[in-house]
Structures are given as structure tokens and as C-alpha cells.
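Please open the structure in your viewer and keep a selection panel at hand. The tour goes from one selection to the next and says what is found at each stop.

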Amino acid sequence: MEVRLLLLALICLLASRWASSQQPDEATVIVKGSTRIAETDENYVCATIDWWPPEKCNYNQCPWGQSSVLNLDLDHPFLAQAIQAFDHLRIRLGGSLQDRVVYDVGTESPCSPFRNMSNGLFGFSDGCLSMDRWDKLNDLFQKTGAIVTFGLNALYGRYNVRRSIWAGKWNSTNAYDFVKYTISKGYPVDSWEFGNELSGHGIGAKVDAKLYGKDVVELKSMLRKLYTAPLSQPLLLAPGGFFDQQWYSQLLQTSGHGVVSALTHHVYNLGGGDDVHLIRKILDPKYLDRAEDTYRDMQLTIQRHGTWASAWVSESGGVFNNGGLLVSNTFINSIWYLDQLGMASKYKTKVFCRQTLIGGHYGLLDTQTFLPNPDYYSALLWHRLMGNGVLSVDINATRRLRAYAHCSKQQQGITLLLINLSNTTGQNVTLQNDINVSLDKRPDPDKRSSFVHRLKKAVSWLGRKPASDTKKREEYHLTAKDGDLQSKTMLLNGVPLELGDDGSVPALDPVLVGVNSPVYLAPTSIAFVVLPKFEAKACS
């Protein structure tokens with residue numbers, strides 16, 4: 001008898017756990033549409049093309065292949081179509097080896113590619129960009145409508161003092177000839193970035209902030225001299241490194257008012273490519289939240305020392321040393337990537353460049369096949385749906401629900417990004433407008449059956465105007481194929497996203513849902529929700 005009672009108790013316990021794991025959590029997201037808390041650039045989404053040669057290897061993996069500025073197959077049909085799908089994709093050319101690149105214009109030495117060299121920076125020799133290659137790159141950019149950011153060599157003319165410390169004045173002659181050639185050909189470079197990861201403690205090499213600031217002033221003077229046409233001045237970006245508050249503050253103070261257009265920094269907050277805990281980190285809200293400190297401190301540094309400048313993330317792959325195999329190129333990474341896009345935008349980040357467009361494990365496109373990885377579609381949906389106006393949200397839910405709101409792009413209303421970090425429990429998300437919610441009394445999840453709550457819910461999607469059951473919202477639900485978080489195939493509303501036979505990007509169509517129902521968010525899934533009739537003064 002005791003055994004039977006014990007078995008019955010065990011069965012009841014397991015049944016209750018099974019039932020609770022199947023029941024979605026109830027959540028409320030309140031959007032504050034009266035004011036914008038920040039604005040991004042219209043072309044917030046950006047992707048990089050790096051300089052790494054095929055010999056760049058980590059952890060016995062060499063994932064770069066033919067994907068660099070110097071050897072990428074620019075004629076591959078999938079490449080052009082992938083860029084064109086964004087209308088105007090911002091592309092940053094830069095990376096660790098950019099500070100060892102010589103531009104083959106006005107030089108007499110042979111133009112040689114990077115090669116292994118044990119005592120070279122990052123284990124490589126100097127490399128060279130020929131003007132023939134630069135011409136071909138610009139052919140691609142002009143054909144696809146890309147917006148170009150180019151990272152200049154900031155170590156040219158300097159010398160290595162000891163270990164990673166570099167000293168001496170920057171020699172601007174090679175950069176001058178290169179920029180002059182670029183202007184003569186009519187290539188519209190939107191922005192020039194000075195150096196890569198030379199700030200603070202540096203990665204491989206570091207330069208003193210005061211010296212760097214003086215060289216930035218020289219670069220600004222050079223650009224003003226070369227770009228003579230009215231309104232033709234490109235942006236000057238610096239320093240393209242890891243944020244160090246004291247170093248960045250000194251750079252702004254030394255360079256002075258109006259010299260640096262944007263402070264650029266890099267984000268690799270998940271660790272190295274050999275980290276076995278990458279997926280756990282991506283699904284841990286406390287771990288993800290750590291990145292907020294960097295964005296907040298960058299914003300404060302600009303407020304205190306350089307109000308004329310904006311903040312950009314000019315490189316972010318999440319996982320350093322090529323990305324994480326079967327993490328950075330699979331569905332799970334979109335949770336990290338989209339969360340970073342949302343988080344950074346709240347702290348007035350104007351541009352967010354993904355490492356990489358192609359190359360390494362973290363490419364938006366597969367290095368070998370040029371087929372899109374899941375993050376490509378995540379980037380494209382953000383670019384098409386999320387406008388530049390950033391709105392504040394209140395979340396009444398477990399910490400595993402992430403929510404970000406923007407004005408919709410090219411239409412009225414708002415677009416929400418919802419991310420469910422729980423791999424066991426779905427979320428029923430009720431959307432509300434803060435103009436219908438008492439400021440001193442937030443919704444009580446235990447009183448969801450109250451008449452007042454149901455009344456607010458009926459109108460919350462719209463504002464003060466009456467709702468209608470005929471009104472619809474657009475939903476774009478992203479999930480992993482077969483529930484495998486490490487799948488390279490992403491589903492949009494249950495349909496696999498795959499290129500057409502001709503390499504064309506598939507249509508990204510929403511499902512239409514009545515506005516009066518909650519948004520159901522499956523476990524470890526992502527949703528973009530477009531509310532065209534949401535009353536948001538900030539988006540009018």
C-alpha cells in the first residue's frame with residue numbers, strides 16, 4: 001500500500017511539472033509611445049568584411065577561406081543579392097590586420113598579400129590593397145547600393161617600443177594618396193575609421209590616447225583638404241577598439257570639438273570560440289545584461305566630453321577568435337544578436353556593425369556556400385521593420401522575456417521585438433499602451449480577470465480610440481528547425497527560410513493576427529510584432 005501511495009505521489013508530481021512546463025507564462029509589455037528615448041541611424045544594421053587570410057586559425061579551426069577584403073569572390077551571385085535585399089546595407093571594411101595594410105597607390109614596392117610571419121602583428125606580415133582590387137570592391141558596392149565605412153591603417157609610420165606599445169607620429173602620406181585616389185574615382189565612402197583595437201590595453205598593439213588624438217586631428221585636416229565639394233565631408237570615426245572610459249575621454253579632450261564624428265567600439269561579450277558555455281550564456285538574462293554597462297558608460301562619456309559625437313558599434317561578433325562553431329552560425333545566436341541590437345539602440349547607439357558579412361563562424365553568410373545563416377534573416381527583418389525612433393517599455397514578466405520597441409519603419413505605428421529565453425516555457429504577452437495604464441499602479445498578474453484589466457486590454461493596442469475585432473497586427477515568429485537551437489535553418493512562421501534557385505532572398509511575410517489577443521511566444525523563440533494603429537505620439 002505504501003509503495004502504491006509513493007508511486008501515486010511521484011506520478012502526481014511529474015504530472016504537475018509536465019503541466020506547468022506546458023502552460024505559458026502570462027506577461028505584459030507596456031509601450032511608452034509619447035517620447036523617443038533615442039534615435040538610431042536609418043541604416044543601423046551594418047556588417048563587416050575583414051582582412052583575415054585563409055591561414056587565420058584558432059582551436060585547430062581555419063574558418064576564413066576566401067572571405068577577406070583581398071580574396072572574396074565579388075562576382076558570386078548570392079553575394080550581390082544578399083546585399084541588395086537591404087536596399088542600402090552599411091558595410092565596414094576593417095579588422096585586426098587593417099593596421100598592417102599598405103595602399104598600393106604612389107608606392108614603388110611590390111603589392112604582396114599577407115603571409116605568416118612569427119614576429120609579425122597577429123603572426124602575419126604586412127599586406128597590400130591594390131587599386132585594381134579597390135576598384136572591383138567599389139563596383140560591387142555601387143551595384144548593390146552599399147554604404148561604405150573604411151578602416152584606415154593607424155600604425156603606418158609608428159614603431160614598436162616594447163611588447164604591445166607603439167610610439168611615434170602617424171605617417172599620413174599613404175592614407176592621403178589612397179583617399180585622394182578614392183575621391184578621383186568618385187567612390188562615395190561614407191566614413192573613414194582610424195585604426196582598429198589600439199585603444200586602452202589594445203589587442204596586439206596599443207597607442208597612447210593623447211598621441212592618437214593628435215593624429216585624429218591631422219586626419220580630420222586631411223579630409224577637409226581633400227573633400228572640397230560642399231556637403232561632401234565624410235564622417236571620421238575612431239578608435240574602433242574596446243571601450244576604456246579613461247582612454248576614450250582623453251581622445252575626445254585631445255582631439256577637440258567636432259573632430260570625431262562618432263566614437264566606435266567593439267563588443268565581444270560572450271567569450272572565446274572554445275568556450276563550452278556559449279549557449280548557456282546566450283540564454284542567461286543576467287549575463288546578457290552585463291553589456292548594458294558598456295553602452296551606458298559610452299553614453300555618459302559622450303555626454304561629459306564630446307556631445308558633438310555619436311556612439312557606434314563598429315564591430316561585434318559576440319564570440320572572439322572567429323566566432324563559435326555551431327553557435328555563431330546557428331539559430332541560437334540570433335537571440336544574442338537581436339538582443340544586442342535592441343539593447344544598444346536604447347543607449348543612443350547610431351550604428352551596429354556585425355562581424356561579419358562573410359568570414360569566420362560568425363558570418364551572416366556561409367563562408368563556403370554564401371548561403372544565409374539564421375542571423376542574416378534576423379538582420380534583414382530588423383532593417384525592414386524597426387525604425388530609427390527608440391521607445392521605452394515596461395515589462396511585467398519573468399526576466400526571460402526580453403522586449404524592445406521602435407517606431408515602425410516607413411509606416412505608422414510601432415514594431416516590437418520579443419525574445420523568449422526560456423527553453424521550456426512559452427509566453428502569452430499582452431501588449432499595452434501606457435496612455436491607458438495608471439502611472440502609479442501597474443497591472444497585477446494575479447488579477448487578470450478583472451473587468452478593468454479586460455477593458456484596458458481591449459483598447460491597449462490602439463490608444464484612446466475604440467478597438468475593432470477586424471483590426472489586425474503583423475507577426476513574424478522566428479524558431480529553429482525541428483526545435484534544434486543549433487540548426488542552421490531558421491523558420492519564419494513555421495516555414496523554412498531558403499534562397500530561391502537563382503539565389504533570390506525569400507519573401508519575409510508575416511501572419512495577420514487580431515489585435516485583441518495576446519502574442520504567444522514559443523520557448524526559445526523570437527517575434528517581431530508590427531502594430532500599424534498603435535497610438536504613439538513619438539512616431540507620428
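The stops below cover a barrel, its strands and helices, and then the disulfides.

Residues are numbered from 1 along each chain as its sequence is written, and side-chain values use heavy atoms, with hydrogens and water left out. The model is predicted, so that local features need pLDDT of at least 70 and side-chain atom pairs count only at pLDDT 80 or more, while totals for chains, interfaces and linings use all residues.

**Stop one: the barrel**

Begin by selecting the strands of the barrel, in which 8 strands close in the order S3-S4-S7-S10-S11-S12-S14-S16 with parallel pairing. Neighbouring strands of this sheet are turned against each other by 30 degrees on average, direction ignored. Helices and strands here are DSSP runs numbered from the N terminus, helices being H or I with at least four residues and strands E with at least two; two strands pair if DSSP finds at least two bridges between them. Axes are lines fitted to C-alpha atoms, for helices over the stretch in contact, and angles run from 0 to 180 degrees between N-to-C directions.

Select S3 next, which covers residues 45-49. Because 5 of the 5 residues of S3 are buried, the strand is largely enclosed by the rest of the structure; buried means under 20% relative accessible area, exposed over 50% and partly exposed in between, with a 1.4 Å probe and protein chains only. Val-45, Ala-47 and Ile-49 point one way from S3, whereas Cys-46 and Thr-48 point the other way. In a regular strand the side chains alternate between the two faces of the sheet.

S3 runs parallel to S16, to which 3 bridges join it, and Val-45 has Phe-352 as its bridge partner there. S3 also runs parallel to S4 (residues 90-93), here with 4 bridges, and the partner of Ile-49 in S4 is Leu-93. From S3 the chain crosses to S4 through helix H2 (residues 77-84) in a right-handed β-α-β crossover, where right-handed means that, with the strands pointing away from the viewer, the path from the first strand over the helix to the second runs clockwise.

**Stop three: strand S10 and its neighbours**

Move on to S10, a strand that is mostly covered, with 5 of its 6 residues buried. S7 and S10 run parallel and are joined by 5 bridges, and in this pair Phe-150 stands opposite Trp-192 of S10. S10 and S11 also run parallel, joined by 3 bridges, and Trp-192 stands opposite Leu-236 in S11.

Since 15 of the 16 residues of H10 are buried, the helix is largely enclosed by the rest of the structure. Just after H10, Lys-348 takes a positive phi of about 65 degrees.

**Stop five: the disulfides**

How many disulfides does a search of the whole structure find? The search finds 4, a disulfide being a pair of cysteine sulfur atoms within 2.5 Å.

Select Cys-46 and Cys-353, whose sulfur atoms are 2.1 Å apart in a disulfide. The torsion about their S-S bond is about 85 degrees, so this disulfide is right-handed. Cys-46 in S3 and Cys-353 in S16 are 307 residues apart, and both are buried.

Cys-57 and Cys-62 form a disulfide with sulfur atoms 2.0 Å apart, right-handed with 105 degrees about the S-S bond. Cys-57 counts as partly exposed at 35% relative accessibility, and Cys-62 counts as partly exposed at 46%.

Finish at the disulfide that joins Cys-407 to Cys-539, a left-handed link with -80 degrees about the S-S bond. Cys-407 is buried at 4% relative accessibility, and Cys-539 is buried at 10%.
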